[in-house]
Amino acid sequence: MYRRILVPLEHSSYDDVIIAHVRQLATLCRSSLLLIHVADGWAARHQRSLKLRESEEMRVDREYIEGWCARLRGEGFETDSILAGGDPASEIAAAADREHCDLIAMAVHGHRGLQDVIYGTTANTVRHRTMVPVLMVRGPAGGRPR
């Protein structure tokens with residue numbers, strides 16, 4: 001059913017939750033995985049336009065996502081990774097289309113009301129910007145966003 005699953009990682013404890021879920025789903029569907037992390041600091045958002053070198057934040061993020069990729073490959077999953085820079089929702093939606101993904105599987109924090117406004121609504125924005133189905137898996141209460 002799902003040949004290629006896009007998995008946004010945010011470099012936090014929420015990643016463990018979505019990876020655990022996606023491992024099972026990818027096994028059942030024999031799906032390949034595409035991990036994406038969107039660095040959204042100032043340097044990451046302006047790297048291309050200002051022709052900046054990769055920032056320390058991006059270097060750490062690249063190591064993180066490549067580490068996950070290597071672990072999943074070691075478990076037998078066909079896995080690739082993308083480190084993007086900019087607006088997370090835009091980059092995730094664009095990658096899903098560009099990379100021909102059948103599903104976007106992402107962890108959500110479960111914020112409500114004012115917290116949702118303050119902390120952002122990446123998952124909600126993603127689901128409005130793409131025609132690719134979006135699976136949202138709730139992370140642990142009191143989880144540690146980055």
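Which residues are buried in helix 3?

Modeller: This is a predicted model, in which local features need pLDDT of at least 70 and side-chain atom pairs count only at pLDDT 80 or more, while totals for chains, interfaces and linings use all residues. Residues are numbered from 1 along each chain as its sequence is written, and side-chain values use heavy atoms, with hydrogens and water left out.

The buried residues of helix 3 are Met58, Asp61, Tyr64, Ile65, Trp68, Cys69 and Leu72. Buried here means under 20% relative accessible area, exposed over 50%, and partly exposed in between, with a 1.4 Å probe and protein chains only. Seen down the axis of helix 3, the buried residues fall within an arc of 130°, so they line one face of the helix; the arc is that of the directions from the helix axis to the C-beta atoms. An α-helix has 3.6 residues a turn, so residues three or four places apart point the same way.

Helix 3 comprises 19 residues, 56-74, and reaches 27 Å from its first C-alpha to its last, close to the 27 Å expected at 1.5 Å a residue. That expected span is 1.5 Å times one less than the number of residues. Helices (H or I, at least four residues) and strands (E, at least two) are DSSP runs, numbered from the N terminus. Just after helix 3, Gly76 takes a positive phi of about 100°.

Leu34 stands opposite Asp80 in strand 3.

Positive phi values also occur at residues other than glycine: that of His11 is near 65°, and that of Arg30 is near 55°. His11 lies in the loop between strand 1 (4-8) and helix 1 (14-29), whereas Arg30 is found in the loop between helix 1 and strand 2 (32-39). Arg30 is exposed, with a relative accessible area of 77%.

Of its 146 residues, 44% count as buried. Among contacts (heavy atoms within 4.5 Å) between residues at least 6 apart in sequence, 76% join residues at least 24 apart.

Notes. Pairing = 2+ DSSP bridges.
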